[in-house]
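Biologist: Please take me through this model. For each label you use, I will ask what stands behind it.

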Amino acid sequence: MHRTPLADLDARVSDCRACPRLVAWREEVARTKRAAFADWTYWGRPVPGFGPPDARLLVIGLAPAAHGGNRTGRMFTGDRSGDVLYQAMYDVGLASQPTAVSVDDGLELYGVRITSPVHCAPPDNKPTPAERDTCRPWLVEELTLLRPTLRAAVVLGAFGWQAALPAFAAAGWTVPRPRPRFAHGTRVDLGGLDLFGCFHVSQRNTFTGLLTPEMLRDVLRTAAETAGLR
């Protein structure tokens, strides 16, 4: 069966070894594991985007979690951040179920795709600017493939915002000058696509109340309506 261009991209992303520090870290984590997941065979590779090839809405994170996506092989799957994100997506009608635990759990996304500017789990959840820039061509290619249908995007956090703006520009959208600054709830017209800023669903943000489930639902709901999904 012939693979779609997006599926081909996902396969090529999964084979990337461009950043030595990230390759070493993701593979070390996959070998040593966390005690709670000792019986898992970790994915231990770059984690591709997840969602339909004709998505109208894109959610952009930061990077896979060491014992989340790096373990399961799917964005935001198997970690606390994903628990918050998928519950909110389910609440606003963008996901078939409120939980994401493994690639074979039956989860489907409705009109929305999830990706990140860095596809490998980084030490301390902190990619370097050089690693971000090395990974950017993957995001540019993904955006280019999604361009015919994509109408809105939600970027989670300032790191993702800084990485996404030049990628959107490279994929053909119009990014204002000076570049708009990240803020929760900000909305920027890129000429045919609306870009929304949202605090990241990190445990630090959700545990402290900087980002509440209601705040997250509000951004997702508005973005979905803008994309024509509601």
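Modeller: Strands S1 and S2 pair in the parallel sense, over four bridges. The model is predicted: local features need pLDDT of at least 70, side-chain atom pairs count only at pLDDT 80 or more, and totals for chains, interfaces and linings use all residues. Residues are numbered from 1 along each chain as its sequence is written, and side-chain values use heavy atoms, without hydrogens and water.

Biologist: What makes S1 and S2 a pair?

Modeller: Strands pair if DSSP finds at least two bridges between them. S1 and S2 have four bridges, so they pair. The partners in S2 are Arg 113 for Leu 58, Ile 114 for Val 59 and Thr 115 for Ile 60. S1 also runs parallel to S3, joined by four bridges, and there Ile 60 stands opposite Val 155. The names come from DSSP runs numbered from the N terminus (helices: H or I, at least four residues; strands: E, at least two).

Biologist: Why is His 200 called buried?

Modeller: The relative accessible area of His 200 is 15%, which is under 20%, so His 200 counts as buried. His 200 sits in the loop between S5 and H7. Beyond four places in sequence, His 200 touches Gly 61, Leu 62, Phe 76, Leu 156, Gly 157, Asn 205 and Leu 211.

Biologist: Is Asn 205 buried or exposed, and how do you know?

Modeller: Asn 205 has a relative accessible area of 9%, so it falls under the 20% limit and is buried. Asn 205 lies in helix H7. Leaving aside neighbours within four places, its contacts are Phe 199, His 200, Leu 210 and Leu 211.

Biologist: What makes the largest nonpolar core a core?

Modeller: A nonpolar core is a set of buried Ala, Val, Leu, Ile, Met, Phe, Trp, Tyr and Cys residues joined through side-chain atoms within 4.5 Å. The largest core has 31 residues, and those touching the most other members include Leu 57, Tyr 86, Leu 109 and Ile 114. The largest share, five residues, comes from H8.

Biologist: What makes the largest pocket a pocket, and which residues are closest to its centre?

Modeller: On a 1 Å grid over the protein atoms alone, a pocket is an open set of points where a 1.4 Å probe fits, with protein on both sides within 12 Å along at least five of seven lines; lining residues have an atom within 4 Å of a point. The space in the largest pocket is about 930 Å³, counted as filled by probe spheres set on points joined across faces, edges and corners. Of its 35 lining residues, Ser 81, Asn 125, His 200, Ser 202 and Gln 203 are closest to the centre.

Biologist: Why is Lys 33 called partly exposed?

Modeller: Its accessibility is 26%, so Lys 33 lies between the 20% and 50% limits. Lys 33 also has a positive phi of about 65° although it is not a glycine. Phe 76, likewise not a glycine, has a positive phi of about 55°, but is buried at 10%.

Biologist: Which residues does a cis peptide bond join?

Modeller: That bond joins Arg 177 and Pro 178, with omega about -5°. Pro 178 is in the loop between H6 and S4. Most peptide bonds are trans.

Methods: Buried means under 20% relative accessible area, exposed over 50%, partly exposed in between (1.4 Å probe, protein chains only). Contact means heavy atoms within 4.5 Å.
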